[in-house]
Each structure stands twice: as C-alpha cells, then as structure tokens.
Amino acid sequence: MDFDYTPREQSFREEVRDFITENLPPKEKRDKNFLATWLEKVRAKGWVGFAWPKEFGGSDGGLMEQAILKEEMSLAKAPPLGTSMMGLAWVGPGIMEYGTEEQKQKFIPDILDSKVTWCTGYSEPNHGSDLAAIQCKAELQGDHYVGNGQEIWTTGAPWSQWIILLTRTDFNVTSKHDGITCFLVPMDAPGVEVRPIQNMAGDKHFAEIFFTDVQVPVENRLGAEGEGWKVTVSALANERSSIGEVTQLQAKLDDLKELVKNSKRQGKPATEDPKVRRTVAKFEMKISAMKYNGLRYLTKQIKGEPLTSETSVNKLHRASLEIEMDDFAIELSGQAGLQLKGGEEAVDNGTWSKGALNWPNVVIGGGTPNIQRNIIAERILGQPKD
Amino acid sequence: MNFGFTEEQNLLKDQVQRFMKEACPMTRVREISASENAFDKDLWQQAADLGWLGLTIPESYGGLGLKWIDLIVVLEAAAEGLSPLPIASHALATSAIVACASEEQKARWLPAMASGAAVVTLGLYDEANWIDPAAITATATTAGGKVSLKGKKPFVNDALAADYLLLAVQGPDGLALAAVGRDQVQVAAQPTIDSTKPMASVDLSGAAIDAADLLPLSPAQLAFLTDCGGVATTAEMVGAGAAVLSMTSTYAKERIQFGKPIGQYQGVKHRLADMFVDLESYRSLCYFAAWAVDDSPEELAKAVSMAKGYASDAFAQIGIDGVGLHGAIGFTADYDAQLYLKRSKWARPMYGDSDYHMDRIATLGGL
Ligand SMILES: Cc1cc2nc3c(=O)[nH]c(=O)nc-3n(C[C@H](O)[C@H](O)[C@H](O)COP(=O)(O)OP(=O)(O)OC[C@H]3O[C@@H](n4cnc5c(N)ncnc54)[C@H](O)[C@@H]3O)c2cc1C
C-alpha cells in the first residue's frame, strides 16, 4: 500500500497544473473568447477523450493519469474539457465500440472538437427507472427507419445537435431487453419537436421531445437491430471514477466551513455548537470515505480486477451529501439562507438555496437511490431481483 | 498509488481465516468465552507459532518487523470469527513498548512477546469513555528506590489473560507506563455484554515496581497509542461487520415468506445494501488509518477519527439489523448473529465513540 506517484505520474500532474496556471485566468478576467480558446488548447493537449484510443484521436491515457487529470481540473474548478458531456461520457465510447467505420469517421472528431453537442434519449413518459421498457417505436421501411414516440427529461435537448435514442423495433419479445435498437438522430430532422421543461430551480435544462414519423437512415443505427440494450449497458459502464465529484464536494465543504465560522446560533459562535460541529464533521467523514472508496476501486481497476457495481456506493453517499449540505447551510443561516441569488440578505449569493433546489440533478438523474440500492443488493450481494 | 493489499497480505488473510474455521470455530469461541479467564493458552501458542504475535515487533527482537497495515489483516480476519484471543491488546502493548521503552526494556520484553511466552495488555484511562490525559488518575511515586503505585483502572481489556500489564499512571516526571506482572496487582473480572472481549478492573494500590519498569509516556505518545487502539478496534469492526452482513445476506436468500425469499423485499434488500455501503466506507477509512500509523503519522488522528467515528454508529446499526433481519431466530442464544450484535456494543465506545471523534474531526478541520 502506498500513496506515492511514479515520476511519470508526478510530472504529468505538474504538466496539468502548469497548463492550468497558464491558461485558466480568474473568473473576472475571462473574456468572451475564453471558452473557445480553452477548448482548443485542451484539445491540442490531447486531454479531451484522454482515455480514448489514439486511432480515434484520444491519448490512450492510463487510469491513473485519467484520475490525475480529473482531479486537477476539478481542484482548479476548470470548465469542462468539451462541450458535449454526454458525447464524451458514453456516446463516443458507444460509437467506438459498436459503430461502423463511417460512423466513427463522422461523429468522433466532432465530439472531441466540441463541434457537436449530444443529448440522451432513454427516458419516456411511462418509464424512467425501468430503462428497458422502451416504447418509442422504430420501423424499417426500405432504406430508412420511421420513428414515432416521446422522450422526456432529455438534458440539453434544447441546444443539442444530435441525440442517441433508444427505440423498440420489436414489440413481440419475451424479454423487454430484446427488440431494442439504438439510433443516432439529428435534432433538426423533420418531425422532431423539442419542448423545454422548467425545473423547480427555475432552469430549463431538460425537455420533452416528440418524434412524429421521423425518418432515420439505416446507416444511423448504432449496433445491430435488437442490440440496443447491449450497446447502452456497455456505453454507460464508461461512467466510473468518482474522483472529480470528491474534489467538488471537498470544495463545497470548505465553503460550508467558512460559512460556519461566520455564523451564529442564538447569538453564540456556531463553531461552539456541538450539533453544528458534528454535522460538519460527518460531511467531512463521508467525503473522505468516498475518496478512499474511490482509491480502493481505482486500485482494483488498475490491477485488472473487474468492478461489479461498487460505484453505486459513492453514488449513494453523494446523493445524501448533496441534499444535506445545502440544507444544513440554509438552516444555519435562518431566513436569510432562503433568499436566492440577488436577494439583499442572500447567503453566499444564493449558492446554498439554489443547491437545495438542484439536488435532483444528481440524485434522480443518474438512477435514483432506490435503484442504486437494488443494484448493490442484487449484483454485489446476490439478492433476488424484485 | 496503490490502495490495496499485497499478495503476502492476502495470503496472511487466508491463513487467519482458515485458522479461525479449523481451530477456533464459533463453538470454540463460545467455550473459550465461557471459561475461566476466557483464554485458551494452546490457541494463543498456535497464533504465536504462525508469527502473528510478533508481526509489528522489530526483527532484532524476534518479530517480523512489519507494520500496522499487516497487523490489521490479522485483526480483521480473526474478528470475522469473533476471535477471543487478545491479539489486539498484545499488539497495542507492543506499540507502546516500541514507542516508549528503552533499548534495555525492549530487549527484556519484546522477545517473550513475539514468542507468545508473555501475554501483555495495555490500560490507558481510569474513567470509562473519557479520553484525556486528565482521565489518568492512577499514580506512581518513588520511595526508597522503588516505585509505588496507587489507583484503579476499570475495564482493562484481556487483563485476566495477561502475564504483564502496561498501565498509564501520573509518574514522578509526568505521564508514564508502569509495567506490572499480573500477580502484582488485583485483577477482577468485569463482565460486559460481550463475553468474547473479556475485561477486568485492575487495582494497582500497594504494588511496588522497580524504576526500570517505568516507561516515560508523553502526551503525544498517549494520543498515538489511543489512536492505535482506535485502528485495532475498527479493523475488528470491519471483520465482524462483514461476517454478520454475509450471514444475514445468505439468510435473506434462503428464508421464504409469502412465497418469496425475503431478500426480494426491498425492506430487507435495501437494508442489506445500506449495510454494505457503510461497511465499505468504514473499511476504506480503516485501511487508510492503519496505513497512516506507520507511514503518515501526522495524518493519523484525523484518519482514526474518520474511521472509528464512522464505524461506531454504523457497526452498531449493522449489529441490530443483523439480528433483526433474521426474525426471531436471530434473537436466540444459539444463533450466532446475536454475538455480533454484542460485539458491536462493545466496540462502540472503545477508544472514542462517534461524538468524540466527530468533535475531534471538527477541531482538526479548523472549527
Ligand atoms: C435532472 C435530470 C436530468 C435527466 N436527464 C436525462 C437525460 O438526459 N436523458 C434521459 O433519458 N433521462 C434523463 N433523466 C431521467 C432520469 O433518468 C429518470 O428520471 C430516472 O431514471 C428516474 O425515472 P423516473 O423519473 O421516471 O422515476 P420513476 O422510475 O417513475 O421513479 C419514481 C420513484 O419510484 C422509485 N422507484 C422506481 N422503481 C423502483 C423500484 N424498482 N424499487 C424501488 N423504488 C423504485 C424511484 O426511486 C423514484 O423515487 C433526467 C432526470 C433528471 C432529474
């Protein structure tokens, strides 16, 4: 056991840090070209799609280097390395694994160059957690498919150019996992209509999408007909390491401690209140647990031992931390904590009150806590499926 | 970066697990705990012959010269079967001697500890559940070339099994550890809920020792030994927690109610998942703390507070759910789940409960 880095890893970390010092000005000094320049530069470094094979324009980066890159970027609160989060997280890997040569040529470079933003069409009005219960219909007619149905909660749909879409091409199946087919569909195809949905925090990040007789050429099918479930599961498996989340949570904890130091409870310094002290300590303890869980799982991966579903452990911690930390900050600040950004007494410019309305992004978006518990109980502990 | 165990450490774990299965199964654990002094000398000697008692003793004194991260492999695996052997106490006494003793004292004590000839335990505080130098009120005063001891220590682990005890006292020059033979002091069993962790009170009054049997103990060393105690206890909580989770998870797959295995009901399976999440988490924190003992002492205090603080409440709940998810059978004396619940009660306050550790995390974290 050791927490040392090899000279190569160490120099890689320094390279990342130097790059950040040079290319990430403080927020107030960023001009309107900043993001474009940043994206170009990280791309030139080979850090976009860092883990992807070189033949596709990635860097073949090792697991440890990936973690270092993520950690340093997150510590510096740097902007993302590409504009298409989902393109980088699972659409790209899905295409590299199941796509045709043509699809690889056509889509991969644009994801890496942040030219195209992707969204993900999995959830429909009648199913969310039950991901495989796809109803959106696609029918082969000659050299193209015709799609009809509805997606919902599609993050980024209002500004994405492409969608990775799950459809059902066969309704006559004994297992719901069969008969699913995956497509890559341009959002400006005739028959695609996007209606943004406002969430409780006031944002319109997600949308519902209606598909009416949308024609999708056969060459836009990802994987074989009926193979959609396999494509999805293996693409989603690329979302793994939680190291970035840990650094984010640590930064949030530091902010929370500052707030505690500047707060009073019934006229006395909040730092003297045992409940306050223990609550903050528990947050710190859980974040630490996430960190060391993550390092233990990373070690396993580096040694080539397959993970089952251990990442669900940290997802559950993160879900409760996201909800509890903002709420605690609000409670600490009384009514002032309830003011949103711009309110005259708003605490930390409404960061906490906004957070208290934003947790579903993390807690529901990637599979709810109940589903994470099912995953742990069934896949790790071997309990029967419900 | 490698936050995993070596091949050798994994083999050691297998060896301990095999030993527990073959030489010290639960029936034997129950017999030992019910016997006088709750100690099995033969089993102890076998553990010594396997090298486990000298793991952290330097090679020059007959040990293996390994680290706490190796030691906790043994503690965790032995605790899966609720081993009643005083391995943790002996290891803490070892660390105390390695940290505080002179070369002469080490040469006198450590070889016998490595060979298993002497069982040694450590008693630090004189008030249950108060961790502070002020909680040491026993005294050692010099009189006529001898050192005379006074005071009483409650709840010293494995004191009845021990041949020697290292007891914290306020000495002539500040804190010290007094090394006494068991026959020099009055040791009286203090049974608790958990008979697999025998405790006893030790009355030092009237005992006189040589000055050569007094070890100076700085407040920093006292804190270090307390933290080592936290690591040892948490490692045992990892092993015991894993065992009761596995027992309960197996039962949930087999027990049928309303026509289905109870593990299919989310009231059961989600509780099992939560047990797993907590166990994984204090396991990771425990491994880091054990590593910090030797390799990053400046991080130790916080690391221990995270690990023990997490484990104290989490293992208590795991103990309760381990019994509860079994239904009435879990409540029976014959069924082993209840022994783990009792262990969780024993472990909870040991070397600091979660309130103590949370408060210390707050302090160390700048609040
Ligand atoms: C911010 C945000 C962004 C999203 N972005 C996208 C996106 O880009 N693309 C996309 O396709 N989807 C997206 N989603 C949808 C998301 O994947 C689903 O919301 C999620 O899977 C839950 O599905 P649901 O909302 O239909 O709730 P349901 O599945 O109906 O669940 C409702 C409640 O029932 C519980 N429940 C359901 N099944 C079980 C079970 N078997 N056992 C116990 N409890 C159960 C759930 O835990 C939940 O509390 C997004 C959601 C959010 C909140």
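Predicted model: local features only at pLDDT ≥ 70, side-chain atom pairs only at ≥ 80, totals over all residues.

Colleague: Which chains surround the ligand?

Modeller: Residues from chains A and B surround the ligand, so the site is shared between chains. There are 19 residues around the ligand, and those that come nearest are A:S129, A:W153, A:T155, A:T368 and B:Q266.

Colleague: And what polar atoms lie by the oxygen atoms of the ligand?

Modeller: The side chain of A:S129 has a polar atom 2.6 Å from an oxygen atom of the ligand. From the backbone, an N or O atom of A:G128 lies 3.4 Å from a ligand oxygen, and a polar backbone atom of A:G365 is 3.3 Å from an oxygen atom of the ligand. As for cover, the ligand taken alone exposes 970 Å², of which the protein buries 67%.

Colleague: How does the shell divide into nonpolar, polar and charged residues?

Modeller: Seven residues of the shell are nonpolar and 12 are polar, while no charged residue is found in the shell around the ligand.

Colleague: Which elements of chain A supply at least two residues of that shell?

Modeller: In chain A, the strand β3 (144–155) and the helices α11 (360–363) and α12 (369–380) each supply at least two residues.

Colleague: Where does the ligand sit relative to the domains of chain A?

Modeller: The ligand lies between domain 2 (118–226) and domain 3 (243–380) of chain A, because both of these domains give residues to the shell around it. The assignment for chain A also includes domain 1 (7–82), and the C-alpha centres of domain 1 and domain 2 of chain A lie 32 Å apart.

Colleague: Changing topic to B:T196, is that residue buried or exposed?

Modeller: B:T196 is buried, with a relative accessible area of 3%, and that residue lies in the loop of chain B between β7 (186–189) and β8 (199–203).

Colleague: What do the polar contacts of its side chain join B:T196 to?

Modeller: One polar contact, of 2.6 Å, joins the side chain of B:T196 to that of B:D194, and another, of 3.1 Å, joins the side chains of B:T196 and B:R343.

Colleague: Which residues is B:T196 in contact with, leaving aside neighbours within four places in sequence?

Modeller: With those neighbours left aside, B:T196 is in contact with B:V29, B:S33, B:L82, B:S83 and B:P84, and also with B:R343, the residue whose side chain makes the 3.1 Å polar contact with B:T196.

Notes: Residues numbered from 1 in each chain as written. Chains lettered and ligands numbered in written order. Heavy atoms only, no water. Helix = DSSP H or I, 4+ residues; strand = E, 2+ residues; numbered from the N terminus. Buried < 20%, exposed > 50% of the residue type's maximum accessible area, 1.4 Å probe, protein only. Polar contact = N/O pair within 3.5 Å; in protein donor to acceptor, adjacent residues only side chain to side chain. Contact = heavy atoms within 4.5 Å. Domains from an automatic or database assignment. Near = heavy atom within 4 Å. Areas by Shrake-Rupley, 256 points an atom, 1.4 Å probe, with all protein chains shown as cover. Nonpolar A, V, L, I, M, F, W, Y, C, P; charged D, E, K, R; others polar.
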